[in-house]
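Subject: Model handover

Hello,

Here is the structure I promised to pass on to you. Please open it first, and then read my notes below alongside it.

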2 protein chains.
Amino acid sequence: MQAKEAAERLEITQRMLRHYEKEGLLTVDRTLNGYRHYTNADLRRAGRIRDFIASGFSTREIRAMSACLSDDGDGPCEGGVEMLKQKLADIDRLRDELTQRRATVLDRLEVLEQGLAREAALAARITEDS
Amino acid sequence: MQAKEAAERLEITQRMLRHYEKEGLLTVDRTLNGYRHYTNADLRRAGRIRDFIASGFSTREIRAMSACLSDDGDGPCEGGVEMLKQKLADIDRLRDELTQRRATVLDRLEVLEQGLAREAALAARITEDS
DNA sequence: GGCTACCCTGACATATGTGGTAGGGTTTCA
DNA sequence: TGAAACCCTACCACATATGTCAGGGTAGCC
């Protein structure tokens, strides 16, 4: 497929696709007229690049584990594994924090809602009484 | 504690700590001489900021959820069921995002490790054969 | 041919995270 | 008093991800 469709499918801009290419993360071949022709494999690879960048990896880092980006991680990518593990740890730490925080907020929310319910009940009773 | 120790404990530079402050993500008070004094709460908050940035969030985004970064919601994180519900939704959204990012990284990691295992097995077989 | 909707490259612009350096104050300790 | 090891602010520099715009080619359709 050509650029527009590829970009749309990945939900990124053509500019970004060209950027990946320029940075050596992606190789796309051309049709006779010079237009880029994206295969499905290209698309999957580009999708991974997109995700990695969205997750805070730089093109440098991604390039370093370039071999790990193709459909089947062929090639030597121990460095990639290390990096990935590191990033995974980062994300996990964050997510745990969020989970904990969520519980805290939820707790408080429940307390508050109980309080409100109590007030409402009280108000209702007063209304009844009157 | 003062800047050096804080930076060392968080494994980031003092420069970065100051950056968080300048961007309004962190408020650190000072001792009489004007030196920053980091409390443990400051440290935890800064650690969260560090993690969010490392996970690809911009200071803008982090600022937007600033209230959820303190240990216990002081400021806008408290005061009103509506607000808390909003916060809960924010946190959930964030956590979902992280989960997605985590899955992306994990996926790749698994493919890679399978690849490495396959290679190792191959190498072992070759060694046996010889 | 002309119109429309694609495509290309290249340059400039902006935001952001981070490093570095300069110039200068404070604390501590001998 | 002087030196070492801290601290401060304020700047400039750099990389990078993206946007945007200019100038120009190509394909398809009426």
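A contact in these notes means heavy atoms within 4.5 Å. This is a predicted model, so local features need pLDDT of at least 70 and side-chain atom pairs count only at pLDDT 80 or more, while totals for chains, interfaces and linings use all residues. Residues are numbered from 1 along each chain as its sequence is written, chains are lettered from A and ligands numbered from 1 in the order in which they are written, and side-chain values use heavy atoms, with hydrogens and water left out.

Let me begin with R30(A). Not counting residues up to four places away in sequence, R30(A) touches E21(A), Y35(A), R36(A) and H37(A). R30(A) sits in strand 1 (residues 29-30) of chain A; helices (H or I, at least four residues) and strands (E, at least two) are DSSP runs, numbered from the N terminus. With a relative accessible area of 42%, R30(A) is partly exposed. On that scale, buried means under 20% relative accessible area, exposed over 50%, and partly exposed in between (1.4 Å probe, protein chains only). Q2(A) is 28 residues from R30(A) in sequence, and their C-alpha atoms are 9.4 Å apart.

The side chain of R30(A) also makes polar contacts. The term stands for a pair of N or O atoms within 3.5 Å; within protein, one must be able to donate a hydrogen and the other to accept it, and residues adjacent in sequence count only if both atoms are side-chain atoms. One such contact goes to the backbone oxygen of G34(A), at 3.0 Å.

A residue is near a molecule or strand if one of its heavy atoms lies within 4 Å of it. There are 18 residues around DNA strand C, and K4(A), R36(A), R15(B), Y35(B) and T59(B) come nearest. Of the atoms of DNA strand C that come within 4 Å of the protein, 75% are sugar and phosphate. By class, the surface near DNA strand C has 4 nonpolar, 8 polar and 6 charged residues (Ala, Val, Leu, Ile, Met, Phe, Trp, Tyr, Cys and Pro count as nonpolar, Asp, Glu, Lys and Arg as charged, and the others, Gly among them, as polar).

Which residues come nearest to DNA strand D? Of the 19 around it, they are H19(A), Y35(A), T59(A), K4(B) and R36(B). Sugar or phosphate holds 73% of the atoms of DNA strand D within 4 Å of the protein, and the rest belong to bases. A base nitrogen of DNA strand D lies 2.7 Å from a polar side-chain atom of Y35(A). Phosphate oxygens of DNA strand D are reached by the side chains of H19(A), at 2.8 Å, and Q14(B), at 3.1 Å. Here helix 2 of chain A gives the most to the surface, with 3 residues. The classes near DNA strand D come to 5 nonpolar, 8 polar and 6 charged.

Helix 2 of chain B has L17(B), Y20(B) and E21(B) as its buried residues. Seen down the axis, they fall within an arc of 100°, so they line one face of the helix; the arc is that of the directions from the helix axis to the C-beta atoms. R15(B) and K22(B) are exposed on the other side of helix 2 of chain B. After helix 2 of chain B comes G24(B), with a positive phi near 80°.

In helix 3 (residues 40-54) of chain A lies R45(A), which counts as buried at 16% relative accessibility. A polar atom of the R45(A) side chain is 2.8 Å from the backbone oxygen of L25(A).

Finally, there are 2 aromatic pairs over all chains. The rings of F52(A) and F57(A) have centres 5.1 Å apart and planes at 90°, so this pair is edge-to-face. F52(B) and F57(B) are also edge-to-face, at 5.2 Å centre to centre and 90° between the planes. Rings of Phe, Tyr and Trp (its six-membered ring) pair if their centres lie within 6.5 Å; planes under 30 degrees apart count as stacked, over 60 as edge-to-face and the rest as tilted.

Best wishes
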